[in-house]
Amino acid sequence: MKTSNTKYEFIITPIIKAMGFSAILFVVLIFYFLISEGIVTLKEVPLKNLFSTRWYPIEDYYGILPLLGGSLIVTLGAMLVAVPVGVCTAIYISEISPGRTREILKPLVEMLGGFPSVVLGFLGILILSPYLRILMNLSTGLTALAGSLLLAGIALPTIVSISEDALDAVPRSYRDASLALGATDWQTIWYVTLPAARSGVLTAIMLGIGRAVGETIAVMMVTGNAPVLPTGLRYLFMPVRTMTATIAAEMGEVAEGSTHYHVLFFIGIVLFLISLIINVTASALAIRSRKRAERILS
Amino acid sequence: MNKSNSSTRLAYQKIGYGFLTVMAFLTVIPIVLVLLYILKQGLPAISWEFLTGFPSDGMKAGGILPAIVGTIYLTIGTAIFAVPLGIGAAIYLSEYAGDNKLTRAIRISIINLAGIPSVVYGLFGLGLFVIFMKFGTSILAGSLTLGIMTIPVIISTAEEALRSVPQSFRIVSISLGATRWQTIRRIVLPQAVSGILTGVILGLERAAGETAPILFTAAAFFLPRLPTSPFDATMALPYHLFVISTQVPGMPIEIQYGTALVLIFFVLTMNIFATVIRSRARARRQW
Amino acid sequence: MNNKIIVDHLFLNYSDGTESLKDINLFIPEHAITVLFGPAGGGKSSLLRVINRLNELADVVFLSGKVLLDGENILDPKIDINQLRRRIGMVFARPVVLPMSIRSNLTYGLEIAGVKEKSLFDEAIERSLKQAALWEEVKDRLDDPAVALSGGQQQRLCLARSLALQPEVILLDEPTSGLDPISTGKVESSLQELKLLYTIILVPHSIQQAARVADYAAFFLQGELVEYAPGKDIFTKPQDKRAEDYIEGRFG
């Protein structure tokens with residue numbers, strides 16, 4: 001009997017290995033490009049300017065704090081809505097809903113996850129903002145609040161599905177033990193199941209935050225794009241500007257190589273680092289919880 | 001425990017359950033309402049001319065064919081770059097990689113890539129593909145950018161699909177004299193195909209709906225002709241919707257809804273396709 | 001009688017410290033059933049997996065010694081390992097049928113060896129199924145998925161799958177542990193016929209099975225080969241006290 005295919009395999013194996021390492025290559029490449037165009041900002045723009053509260057590039061004011069603040073307040077507002085609603089929905093789907101309802105709910109949530117954010121932004125302009133303006137008697141509906149509500153819708157599917165996975169992964173034996181001690185289903189959920197799924201739910205929330213911070217188009221369309229530093233919660237009802245929207249809105253109008261261009265890349269670096277921190281923390285949490293679960297169950 | 005205590009607890013439970021149920025439907029009902037509303041508002045605009053014609057009168061009339069075609073081209077382009085690389089990397093992680101620092105570095109990179117904001121991908125695409133590699137604003141630059149953005153999604157789902165194939169199959173195959181690659185090609189991959197396909201479709205669906213990455217790398221406001229080469233810029237559905245709802249004064253509402261409807265239809269069809277593949281594969285599984 | 005396999009001063013350690021082997025010296029005669037028995041963790045499965053070098057799929061930290069197949073050291077890195085695995089068939093404790101038809105399960109090994117002739121396939125299918133005493137039961141439904149078979153049938157299919165490659169040695173690791181007594185009996189009687197053509201090494205799942213089928217038997221305890229004798233001798237008059245205690249059921 002002949003042996004087979006070893007020549008072919010000789011070529012395939014290194015190709016597969018190279019493909020595996022490509023992920024590292026891409027991250028490095030992205031970081032490199034952001035740095036190469038963005039780090040110049042630190043030389044071109046004095047730090048006092050860069051971290052001031054005035055963003056007005058036409059007159060050389062490059063204060064990014066209002067943009068950071070804008071991203072912060074919109075994300076905060078989104079999480080205030082998305083976390084309770086999302087976690088409760090996850091609990092409902094995982095612990096309470098009957099099989100048939102679950103079969104409808106899960107695909108629906110997944111469908112929301114696939115929604116292009118531009119469509120949400122579009123509905124935000126046409127429906128949500130006017131509604132908010134009338135409801136709350138504001139001068140304009142294009143506010144941080146509108147952005148928060150849309151972001152909540154965008155972050156929800158992430159929070160729901162990952163939390164639901166975490167709740168599902170809690171061993172049956174935990175629930176059975178609790179019920180055997182006389183607890184109601186409700187008490188079991190809050191005192192046993194949810195705490196056991198704690199790290200998974202935290203991971204879900206962090207990934208939801210990451211998704212919200214990174215969203216561009218929807219917020220650009222409804223937050224009004226006024227780079228004003230939000231110093232209190234009342235700014236929810238006023239226009240703000242996020243970092244992402246700034247890049248998207250102004251990139252088309254800058255001259256390549258200009259200071260403004262470099263600053264936009266600098267903002268890109270900031271966004272990159274923020275998402276890096278959030279995602280690595282979230283996955284470290286996930287790994288730690290898995291290791292703990294393995295120790296407990298072994 | 002006396003009886004009154006347990007009936008109080010049951011009362012709490014009923015209230016609590018009710019609250020959770022409300023929350024869950026708060027999540028889901030808006031989705032359904034939104035879909036129905038867009039359908040109602042957008043359907044009147046849908047016609048053969050709308051789907052196959054070019055925009056006219058400064059976008060305020062006519063059709064959206066170039067946007068539809070552009071999105072299709074970009075999706076195909078994304079697939080060309082992301083699918084082989086993504087599946088290859090997944091095969092590496094699932095079948096070849098050991099548990100060492102290098103593998104961990106790869107995994108952290110993938111997590112990172114998955115979390116990078118889409119507009120940052122746009123910046124990167126602008127810097128590398130449009131400017132440095134001189135592709136200009138083109139389908140090529142846009143596809144490469146969307147491709148890199150889609151790779152982490154494909155790797156995660158493909159790796160999961162590969163890992164779900166029982167290890168015992170691999171052991172049996174090796175014991176019959178197969179090499180690692182023969183085992184992958186003849187047993188592991190065929191069994192993982194539907195899971196991989198589901199992941200690919202979901203990844204491409206996301207790419208098709210994204211606006212920020214193509215803003216500076218591929219999108220054009222208006223083109224009188226369909227793109228003929230990968231170096232051409234193109235219109236695209238998400239960008240078109242953005243433009244007509246924010247940059248064109250006096251834009252007829254139903255064309256806006258019509259465009260939104262077409263985009264949603266495109267994305268949802270892929271979603272349903274992926275779901276169907278996944279449930280059919282689950283039913284036909286032989287292990 | 002010739003020795004098909006000679007194990008010479010074999011030492012083996014895994015990274016997690018389990019199932020190691022300490023200085024194993026053993027002769028496996030051809031055309032006979034040699035049984036490796038003993039309590040769990042003794043190293044019997046490890047030794048099986050060294051013979052077809054399946055141990056390399058796990059984390060081996062130390063390996064020394066020789067295993068000679070027809071005089072050739074199969075632990076030599078220059079050996080064609082895929083060819084080796086075709087010469088040595090293996091049946092595992094749980095029946096693992098590949099997710100394909102019965103026919104494809106049987107021809108899989110031939111296909112990856114590069115055989116393309118359909119006539120060779122048909123011949124191999126019929127021969128191996130007859131040798132595994134499964135031909136009559138499945139000859140009319142060769143294209144059915146293999147998972148549709150019962151547990152006992154699946155295990156005999158796994159045996160036939162190895163036989164299709166016409167190996168020289170067959171390794172069986174507790175092959176009947178999940179099977180009912182009738183299927184077990186069918187497998188054991190097939191082995192009696194198969195030993196005329198092949199060399200068989202079996203790890204039994206009970207002492208009784210060992211006593212039923214062994215021509216030669218080796219008792220393993222915590223990685224050491226404690227006693228080795230013809231089957232009819234060791235189960236009736238074990239020489240080593242530890243073997244005697246195990247056989248009498250005083251531990252295990």
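Guide: We start with sheets, which need a definition: two strands pair if DSSP finds at least two bridges between them. In general, strands of a sheet pair through backbone hydrogen bonds, either parallel or antiparallel. Keep in mind that this is a predicted model. Chain C has an open sheet of four strands in the order E2-E1-E4-E5, with antiparallel pairing.

Visitor: Which strands of chain C stand at the edges of that sheet?

Guide: Strand E2 (21-29) and strand E5 (72-73) of chain C do. Each has a single partner strand, so one side of each is left without a neighbour in the sheet.

Visitor: How many bridges pair E1 with E4 of chain C?

Guide: Eight bridges pair strand E1 (residues 3-14) of chain C with strand E4 (residues 60-69) of chain C, in the antiparallel sense. To find your place in this pair, look for C:Asn13, which stands opposite C:Phe62 in E4(C).

Visitor: Which helix packs on the sheet?

Guide: Helix H1 (residues 44-51) of chain C packs there and touches E1, E2 and E4 of chain C. The direction of this helix makes about 115 degrees with that of E1(C).

Visitor: What does a hairpin look like in chain C?

Guide: Take strand E9 (residues 216-221) and strand E10 (residues 224-230) of chain C, which run antiparallel and are joined by six bridges. C:Leu221 has C:Glu224 of E10(C) as its bridge partner. Two residues lie between the strands of this hairpin, and C:Gln222 in the turn has a positive phi of about 45 degrees.

Visitor: Where else in chain C does a residue other than glycine have a positive phi?

Guide: One of them is C:Asp23, with phi near 50 degrees. C:Asp23 is found in strand E2 of chain C. Another is C:Ala133, with a positive phi of about 60 degrees. The place of C:Ala133 is the loop between H4 and helix H5 (135-138) of chain C.

Visitor: Are C:Asp23 and C:Ala133 buried, exposed or partly exposed?

Guide: The reading rests on a count of neighbours: a residue is buried if 20 or more other C-beta atoms lie within 10 Å of its own, and exposed if 12 or fewer do. C:Asp23 has 13 C-beta neighbours inside 10 Å, so C:Asp23 counts as partly exposed. C:Ala133 has 17 and also counts as partly exposed. C:Arg127, found in helix H4 (residues 118-131) of chain C, counts as partly exposed with 16 C-beta neighbours inside 10 Å.

Visitor: How is chain A built?

Guide: Chain A holds 13 helices and two strands. The C-alpha trace spans about 70 × 70 × 35 Å along the principal axes of chain A. Of the 298 residues of chain A, 49% count as buried.

Visitor: At what angle do H4 and H7 of chain A pack?

Guide: In general, an α-helix has 3.6 residues a turn, so residues three or four places apart point the same way. Helix H4 (residues 65-96) and helix H7 (residues 144-169) of chain A pack at an angle of about 35 degrees, with their axes 6 Å apart. H4(A) passes H7(A) in a right-handed crossing. The contact between H4(A) and H7(A) has 21 nonpolar, eight polar and three charged residues.

Visitor: How many residues do chains A and B give to their contact?

Guide: Chain B gives 68 residues and chain A gives 68 residues. On the side of chain B that touches chain A, H1(B) gives the most, with 15 residues. That side of chain B divides into 46 nonpolar, 19 polar and three charged residues.

Visitor: How many residues does the contact between chains B and C take?

Guide: The contact takes 15 residues from chain B and 18 residues from chain C. H7(B) gives the most to the side of chain B that touches chain C, with six residues. The residues of that side divide into eight nonpolar, seven polar and no charged.

Visitor: Which residues of H7(B) are buried?

Guide: B:Val172, B:Ser173, B:Ile174 and B:Ser175 are buried in H7(B). The cover over the buried residues of H7(B) includes H8 of chain B, together with helix H2 (81-87) and strand E6 (88-91) of chain C. Just after H7(B), B:Gly177 takes a positive phi of about 100 degrees.

Definitions and conventions
Residues are numbered from 1 along each chain as its sequence is written. Chains are lettered from A and ligands numbered from 1 in the order in which they are written. This is a predicted model: local features need pLDDT of at least 70, side-chain atom pairs count only at pLDDT 80 or more; totals for chains, interfaces and linings use all residues. Two residues are in contact if their C-beta atoms, placed from the backbone, lie within 7 Å. Ala, Val, Leu, Ile, Met, Phe, Trp, Tyr, Cys and Pro count as nonpolar, Asp, Glu, Lys and Arg as charged, and the others, Gly among them, as polar. Axes are lines fitted to C-alpha atoms, for helices over the stretch in contact, and angles run from 0 to 180 degrees between N-to-C directions. A crossing is left-handed if the near helix is turned anticlockwise from the far one by less than a right angle, and right-handed if clockwise.
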